[in-house]
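The exercises below are meant to be worked with the sequence and the model side by side. Please try each task before reading its solution.

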Amino acid sequence: MAVRRPVVSAAVAVLAVLAGTGCSVTVPDPGYTPPPPLPALEQLRQAPLTNPAAFRTADDVLAFVTADRNVVCALTSARGAHLNLPYEPNNFGDSANRKLDTVPVAHCELAVYPAPEAADIRDNCTGTGLGYLGGAALLTPDRARYGECRSGVTAMESAFGPQGTRDGVIAALPVLPEGGNLERNGLRCSAYAAGVACGNVTGGVAFVVSRDHYEIIPGGGKKASTASPEAPKTP
């Protein structure tokens, strides 16, 4: 006489194996809404500082790209209008500029970016034949700005924009992961909300940049400047 054994469903069998091995199954909660990101200055203030060793260049500059290769930044120095950038030719080291004060700055460039709002255009580029374009942000200890007088594309756009080469100095820079936070000479930059926030936490001044959004936080209790969602992106 044949012995009839009970039929065990595959799901029950799997659960029994998991229980026996001490494993658990995480079931996504369809109703879960992740919390919004911290305000930019709080992110810079609260996020643990990342070890800077992997991001340091020969000139004691900290440089990185974001994981999506849309933003490149440097925590560096300026002499007048001359920035010490590892990813762009510059006149920072020229002997004529050494008499100028050296100021800590944070500089970022984007591959895809919004145009600057009219209220944030600080230079008419008179006599230069240049236009005031988006895609670059600069922070000094007491001021943040978005946009610059420039013809053509940013270095980041040349490397990782729609027609980018995907090579060169920028391609070799290390990635700062989301939430990473670097500091140099009182200024901080953090990979933040699919972009980058850089700020002087003490002075309350900062900028936030990403492929479809930028924000200028001027400090001193002034209202922040924010690009509209309809702002045109990279030309």
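**Exercise 1. Is Cys73 buried or exposed, and what is its relative accessible area?**

Before the solution, two remarks on conventions are needed. The model is a predicted one, in which local features need pLDDT of at least 70 and side-chain atom pairs count only at pLDDT 80 or more, whereas totals for chains, interfaces and linings use all residues. Residues are numbered from 1 along each chain as its sequence is written, and side-chain values use heavy atoms, with hydrogens and water left out.

Step 1. A residue is called buried under 20% relative accessible area, exposed over 50%, and partly exposed in between, with a 1.4 Å probe and protein chains only.

Step 2. Cys73 has a relative accessible area of 0% and is therefore buried.

Step 3. For the protein as a whole, 41% of the 235 residues count as buried.

**Exercise 2. Find the partner of Cys73 in a disulfide and describe the link.**

Step 1. In general, a disulfide is a covalent bond between the sulfur atoms of two cysteines. Here the working rule is a pair of cysteine sulfur atoms within 2.5 Å, and by this rule the protein has 3 disulfides.

Step 2. The partner is Cys108, with an S to S distance of 2.0 Å. The link of Cys73 and Cys108 is right-handed, with 110° about the S-S bond.

Step 3. Because Cys73 belongs to strand E2 (residues 71-79) and Cys108 to strand E4, this pair ties together parts that are 35 residues apart in sequence. Helices (H or I, at least four residues) and strands (E, at least two) are DSSP runs, numbered from the N terminus; the protein has 3 helices and 12 strands.

Step 4. Cys108 also counts as buried, at 0% relative accessibility.

**Exercise 3. Which cysteine is joined to Cys125, and is that disulfide left-handed or right-handed?**

Step 1. Cys125 is joined to Cys149, with an S to S distance of 1.9 Å.

Step 2. The torsion about the S-S bond of Cys125 and Cys149 is about -90°, so this disulfide is left-handed.

Step 3. Since Cys125 sits in the loop between E4 and E5 while Cys149 is in strand E6, the pair ties together parts that are 24 residues apart in sequence.

Step 4. The two ends can be set side by side: Cys125 counts as buried at 5% relative accessibility, whereas Cys149 is partly exposed, with a relative accessible area of 26%.

Step 5. The backbone at Cys125 deserves a look as well, as this residue has a positive phi of about 55° although it is not a glycine. Arg69, which is not a glycine either, has a positive phi of about 55°; Arg69 is found in the loop between strand E1 (62-65) and E2 and is partly exposed, with a relative accessible area of 29%.

**Exercise 4. What is the volume of the largest pocket, and which residues lie nearest its centre?**

Step 1. On a 1 Å grid over the protein atoms alone, a pocket is an open set of points where a 1.4 Å probe fits, with protein on both sides within 12 Å along at least five of seven lines, and lining residues have an atom within 4 Å of a point. Grid points are joined across faces, edges and corners, and the volume is the space filled by probe spheres set on the points.

Step 2. The largest pocket has a volume of about 580 Å³. Of its 25 lining residues, Ala81, Leu83, Leu138, Arg145 and Glu148 lie nearest the centre.

Step 3. Strands E3 (82-83), E4 (102-110), E5 (131-140) and E6 (143-150) each supply at least two residues of this lining, and the largest share, 5 residues, comes from E6.
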